[in-house]
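We will go from one stop to the next, picking residues and looking at what surrounds them.

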Amino acid sequence: MAKQIFLLSFLLILLPISTAEIKNLKILADSRAMILFERFGFTHTGHATITVSGVSVISNLASPNPSQLGFFLLSEESLIQVLLELQSNPSFCVLDSKYIHLLFTFRDLSPPPSSSFNLSYPITSPNEYSLFFANCAPESKVSMDVRTELYNMDGGRSGEKDYLSAGLTQTPALYFCFSIVYFAFLGYWIYFCFLNKKSVHRIHLLMGVLVIMKALNLLCAAEDKHYVKVTGTPHGWDILFYIFQCIRVVLLFTVIVLIGTGWSFLKPFLQEKEKKVLMIVIPLQVLANVASTVIGETGPFIKDWVTWNQVFLIVDIICCCAIIFPILWSIRSLRETSKTDGKAARNLAKLTLFRQFYIVVIGYLYFTRIVVFALRTIAAYKYQWVAYAGEEIASFAFYAVIFYMFRPLEKNEYFVLDEEEEEAAEVALREEEFEL
């Protein structure tokens, strides 16, 4: 049991606050001592409705005590106290702890053959809670159908349920506003490309498609969250969300790799090693999105949930590292070319551009992978939306900077030359100011 609690404390770090859409789950012959279902931020009008049916317990020993199997809520603050109890007594059953909010045990089930239970519990102490099932009966396996409804009654509409956690009720409006921003940004990009159509390359068209996918992804996310907030189910918007998210993420990494190689605006083709990077990044991003979908649509109650999280994290790290190499190759190639072609100012401008691009990409990856995760971890449950807002602000800033740096211009400021600049560039290159 102690090992299970320590594992679940790790899961609580990985598990984001649930949108708490109404979930119907099926547990089959599960021997785990602890099953984490979801995490939710309750207000003072919060409710937890749990329905179980078709319950059966198979034990290799004597008939298990039904009071040793049950559901409970646990806050992060109380988790430490429960860990201390288990440390002092490894055989201690968490259902006997005074630090948990016990909902019910199998002693409360209706008599066989129905073996069911259904009750709604008001939350008297507002906080962020995790919903657990505990099985303290040794060598026993549990099968059951579980339906969960976690919601608050103070969503701004009299007497109606709000199925979004207390810290996520603002996310539908947040995502919708950012989708409008990206649609406006797309309109400006199309207008700018039209004004400079002689300088438009294939990469600029691909960048436009990326903005479309980002806007549609946010729009679907807004609709998904809105319907979950109001009805408890996404009404199919989650499918569109995952489709556009997969396309958008694959496009984003592809655009970063292609810009890093200088494709279409510096050279019309890709080298063999650059093609290999794309052949690695694109399939891995598809795999990462499959893992992300499994994580989002299931939950920690499935046995392989931790494995899917590990797959997602490992693949994402590999892709983040892989997209850096083409940028470094371009910088190295430009430095070597500058020693022989006699175009110091132009090479200096290109080096400046790619060095800035390298810094922007590193900053974006660092913020969205580390800073956002830290914000979600340390922010109070009522202010989780701040982390999502920070992520979207950082993403838009990244898009705006990259699109500005590589915008189509007939007379690109990076390539305007005069004699003084040429001499200064030669000095700068000789002093090797562009080593990373």
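Start by selecting Cys 319: at 0% relative accessibility, this residue counts as buried, where buried means under 20% relative accessible area, exposed means over 50% and partly exposed lies in between, with a 1.4 Å probe and protein chains only. Cys 319 is in no disulfide, and the nearest cysteine sulfur, that of Cys 320, is 7.0 Å away. For comparison, a disulfide here is a pair of cysteine sulfur atoms within 2.5 Å. Another cysteine to click is Cys 220, which is buried with a relative accessible area of 4%.

A word on what you are viewing: this is a predicted model, in which local features need pLDDT of at least 70 and side-chain atom pairs count only at pLDDT 80 or more, while totals for chains, interfaces and linings use all residues. Residues are numbered from 1 along each chain as its sequence is written, and side-chain values use heavy atoms, leaving out hydrogens and water.

**The disulfide**

The link of Cys 93 and Cys 136 is right-handed, with 85° about the S-S bond. Cys 93 sits in the loop between helix H2 (76-88) and strand E5 (101-105), and Cys 136 in the loop between strand E7 (128-135) and strand E8 (140-152), so the pair ties together parts that are 43 residues apart in sequence. Helices (H or I, at least four residues) and strands (E, at least two) are DSSP runs, numbered from the N terminus. Cys 93 is buried at 7% relative accessible area, and Cys 136 is buried at 16%.

**The strands and a loop**

Strands pair if DSSP finds at least two bridges between them. E3 and E8 run antiparallel and are joined by 12 bridges; look for His 47, whose bridge partner in E8 is Tyr 151. E3 also runs antiparallel to strand E6 (residues 117-122), with 6 bridges between them, and Thr 49 has Ser 120 as its bridge partner in E6.

Next, pick Thr 43, in the loop between strand E2 (34-41) and strand E3 (46-59). Is Thr 43 buried or exposed? Thr 43 is buried, at 13% relative accessible area. Not counting residues up to four places away in sequence, Thr 43 touches Ile 123, Pro 126, Asn 152, Asp 154 and Ala 166, a contact being heavy atoms within 4.5 Å.

Move on to helix H5 (residues 237-261). At 1.5 Å a residue (times one less than the number of residues), its 25 residues should span 36 Å, and the end C-alpha atoms are 36 Å apart, which agrees. H5 is mostly covered, with 19 of its 25 residues buried.

Leaving aside neighbours within four places in sequence, Val 361 is in contact with Ile 256, Ile 323, Ile 324, Ile 327 and Phe 398.
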